[in-house]
Amino acid sequence: MNEIYSKEQLQKLPFMDSNLNLENRVEDLLSRLTLEEKFKLSSGRFMWHTKPIKRLGVKPFTMYDGPHGVRPDTMGEILCTYFPSGICRTATWNPKLSHEFGKAVAEEVREVGAHMLLAPGINIQRTPMNGRTFEYQTEDPHLNKVIAVATVKGIQSQKIAACVKHFICNNQEVNRFTVSSEVSERALQEIYFPAFKATVEEADAWSFMSCYNKVNGIYGSEDFNLIRERLMGKWGFRGFVVSDWNATAYTSTGSCVTAGLSLEMPTAKKYNKRNMKKAFQEGKFTEDSLNDNVKRLLRVMFLVGLYDAENTLPRGSRNTLEHQAIARKIAEEGIVLLKNEEALLPLDINTIKRLAVIGPNANFRIVEGGILSGGGGSSVNYPPYEITPLEGLKQKCKDKLEIIDTPSKADVTIIFAGLNHDPGMDAEGVDKNAFELPSDQIELINKTVKENPKTIVVLINGSPIAMEDWIDNIPSVIEAWYGGMEAGHAIANVLFGDVTPSGKLTMTFPKKLSDSPAHVSKRTYPGDDKVFYDEGIFVGYRHFDTKDIEPLFPFGHGLSYTTFAYENVIINKEYVRGDDKFIVSVDIVNSGKRSGAEVVQLYVQDIESSVERPLKELKGFKKVNLNPGEKTNVVFELEKSDLSFYDDVSGKWKVEEGLFSILIGSSSRDIRLQCKIEYIG
Ligand code: BGC
């Protein structure tokens, strides 16, 4: 068992043979490990690596953050492409771009010699106040699922492991190490699980990160039902679970091993040799559980090619022009035109003489002179350069018009307002301390528009904010998010109409915080030792629709510089039986004067149900690019599962017989066409 091998002998061991089948390699290596070596492999060292086992040539497995690009070290010595934040990428409603992002970022992971990216972060956006809303994707389970699957597939296409995080119900930063998310099985099934489950079933995700918080009283890292039974048993996950960094703090060694936590990060605490030995001797876990955990980690080591010749693996690359172009494209397509009265946008570069550019975010950047300008947390990056909004505009307008900072002397004024990654804003570890913009920004906006009515507000932030104090005074508002290192170019391209905006909100923007489902009482947010998800399945627009609350901007909202007409909705069946699929098609015409892209959204409504159901639920979407006058046919294939709900009584998904409306539109509150289908069981 404890044999020492020469280099030549090691090369000849079966697990080193890349022609051997994966499971045989895993079994062979596992069979050679001593109990102590298995303990050793179960925890990390130096923040980002597993421990090597020299005797067997087991190399360290390396993993880095994060969701917006690779950050190989915390000092900013190795620079990598900084992509737009998760909410921006999702606001493109374009899974192809998430796949391209995944592939590009994985190439950078490979180039810096690592094997796993600690991304994507796909926790549901339950409240606008969560400090990490900017990192996550959406409030809607279907959109979350489609974008997450594309991202994981993109990453793993390069034989780099994705690490889907944080499993599960890590929906706030406040008290994140101790709070228990008290959530119903129905809400888990309908809202919180679908994207995680789909990354396993549809994208074969190789790793999951456990959450800091408890779920219904049990810490994510030691939840046997959640990990061993549900994720591994029911969903068929073949990868490994890694703890969030120090998420094991309040857990026990035995229950973590038994639950299926393979790797404790960043260093050995519950999984140190002494604790492991003691728990094992006391029968707190079995060798079978440990073997399964280690096997899962080894499996992913083989999957990423840790024991294969380098020339047989996909090639890495970093900071390429191609990666920069992907970052810019995502930023462009993610920008949401919230409001555009009087068609102030797009700006005409030939008629404007003076453009005033002001506001605290005109020079927004995450790194200033090599130093991070704001916390942000684990998703921060050190990019090789950043095009700030002002720089982007300067490059665009060079020799064409003058950029000044006096609104009263300008033809048009642009105010770059919003938040940043300072603690208390869009940052990890703490939640936002205000729903409103800082008061000096509100004053600036209201004062400026009096001096110059042609004022546009461009928001740089990563979560819904209140706008009631100023929005009625402002003709045009753009949500530009944190757009990565090419943000300035993307914003300038949208402002001047080189790019027609096509992003749509992935989260409802409420008028006031108390309208939001998580903000009904202190118990529903932020909670104390427990936070009660009393809204159940009524998260985001499901709540606003059902309670008939007018949002500031609805889920799926986003304007364009052109217009789209929706025509001829056709459904191929009147009745649906059993598992029959049915097809809904609709014609979309670009009825305006510019090329542009539309996100066609399909929602399902159960007209009569024995249980409470949302007024509508997103079940499909397609983004189409059209030239002026061009028409295209958009087709959706639906099935029983798109009509069903999770039935608490039977503990199963269920469809009830009867009529369903199929609603097709440009946002959740701009439904253009509808038709009906009857499910007859
Ligand atoms: C975050 C994770 C991150 C990890 C490593 C944690 O605090 O919650 O998302 O991947 O740190 O930086």
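## A buried phenylalanine and its partner

Phenylalanine 364 counts as buried at 13% relative accessibility, where buried means under 20% relative accessible area, exposed over 50% and partly exposed in between (1.4 Å probe, protein chains only). Tyrosine 482 is buried as well, with a relative accessible area of 1%.

## About the model

This is a predicted model, in which local features need pLDDT of at least 70 and side-chain atom pairs count only at pLDDT 80 or more, while totals for chains, interfaces and linings use all residues. Residues are numbered from 1 along each chain as its sequence is written, and side-chain values use heavy atoms, leaving out hydrogens and water.

## Aromatic pairs

A pair of aromatic rings is described by the distance of the centres and the angle of the planes. Rings of Phe, Tyr and Trp (its six-membered ring) pair if their centres lie within 6.5 Å; planes under 30 degrees apart count as stacked, over 60 as edge-to-face and the rest as tilted. By this rule there are 26 aromatic pairs. One of them joins tyrosine 192 and tyrosine 533, with ring centres 5.4 Å apart and planes at 55 degrees, so this pair is tilted. Tyrosine 192 lies in helix H7 (residues 185–192) and tyrosine 533 in the loop between strand E20 (530–532) and helix H17 (541–546), so the pair ties together parts 341 residues apart in sequence. Helices (H or I, at least four residues) and strands (E, at least two) are DSSP runs, numbered from the N terminus.

Tyrosine 192 is buried, at 2% relative accessible area, and tyrosine 533 is buried at 5%. For phenylalanine 364 and tyrosine 482, the centres are 5.4 Å apart and the planes at 35 degrees, so that pair is tilted too.
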